Amino acid sequence: MCGIIGFIGGEQAAPILLGGLKKLEYRGYDSAGIAILEDGKIEIAKSKGRLEILSDKIEGGRSFFGTVGIGHTRWATHGEPSRINAHPHTNSAGDLAIVHNGIIENYMHLREWLSKKGVQFVSDTDTEVIVHLIDYYLKDN
């Protein structure tokens, strides 16, 4: 099972996201990650394993100062448990970030189609297809 949490507010988002993901820990997962919008740029932190590893890596969220963000805990369906396969996933420019729970049945078809359009994939997940597909259509191709 996976967990998704988002935050928009006047406080630092990362500690709140980590706290929300901690409340979902009982569900089981193999990796965790957050994306924070900070000074117009998306900052990503991901780790394989327990949420505590991610939290330690980013000092309980204190090293991220943005007030908007998303967080995710993942249970692998496509791609092995790893930092690269952890969510959030971004487009090539790093200006879009997504998290997703579920399975994209036709992701291989979409991945092949996007690859022919020049998209380079980083992970082995089905979810990464979504962010590149959104990016493709936002560019009015």
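Student: How much space lies in the largest pocket?
Tutor: About 190 Å³. Keep in mind that this is a predicted model.
Student: Which residues are closest to the centre of that pocket?
Tutor: Lys46, His89, Thr90, Val122 and Glu128. They belong to a lining of 14 residues.
Student: And which elements supply at least two residues of the lining?
Tutor: Strand E3, strand E5 (89–90) and helix H4 (127–138) each do.
Student: How do the lining residues divide into nonpolar, polar and charged?
Tutor: Four are nonpolar, seven are polar and three are charged.
Student: New topic. Which residues touch the most other members of the largest nonpolar core?
Tutor: Ile34, Ile36, Leu51, Leu54 and Ile58. The core has 15 residues. Helix H1 (13–23), strand E2 (31–38) and helix H2 (51–57) are the elements that give two or more residues to this core. H1 gives the largest share, five residues.
Student: Why would such residues sit together?
Tutor: In soluble globular proteins, nonpolar side chains tend to be buried together.
Student: What does Ile34 touch?
Tutor: Leaving out residues up to four places away in sequence, its contacts include Leu17, Leu21, Ile44, Leu54 and Ile58. His87 and Pro88 are also among them.
Student: Back to E2. Why is E2 called largely enclosed?
Tutor: Seven of its eight residues are buried, so the rest of the structure largely encloses E2.
Student: Which strands does E2 pair with?
Tutor: E2 pairs with E3 (residues 41–48), antiparallel, over eight bridges. Ala35 stands opposite Ile44 there. E2 also runs antiparallel to E4 (residues 68–74), joined by seven bridges. On that side, Ser31 stands opposite Arg74.
Student: Is Asp39 buried or exposed?
Tutor: Exposed, because its relative accessibility is 80% and the cut-off is over 50%.
Student: What about Glu59?
Tutor: Glu59 has a positive phi too, about 55 degrees. Glu59 is in the loop between H2 and E4. At 46% relative accessibility, it counts as partly exposed.
Student: Last one. Is the peptide bond from His87 to Pro88 cis or trans?
Tutor: Cis, with omega near 5 degrees. Pro88 is placed in the loop between E4 and E5.

Notes
Residues numbered from 1 in each chain as written. Predicted model: local features only at pLDDT ≥ 70, side-chain atom pairs only at ≥ 80, totals over all residues. Heavy atoms only, no water. Core = buried A, V, L, I, M, F, W, Y, C linked by side-chain atoms within 4.5 Å. Buried < 20%, exposed > 50% of the residue type's maximum accessible area, 1.4 Å probe, protein only. Helix = DSSP H or I, 4+ residues; strand = E, 2+ residues; numbered from the N terminus. Contact = heavy atoms within 4.5 Å. Pairing = 2+ DSSP bridges. 1 Å grid on protein atoms, 1.4 Å probe; cavity = no way out; pocket = protein on both sides within 12 Å on 5 of 7 lines; lining within 4 Å. Points joined across faces, edges and corners; volume = space filled by probe spheres on them. Nonpolar A, V, L, I, M, F, W, Y, C, P; charged D, E, K, R; others polar.
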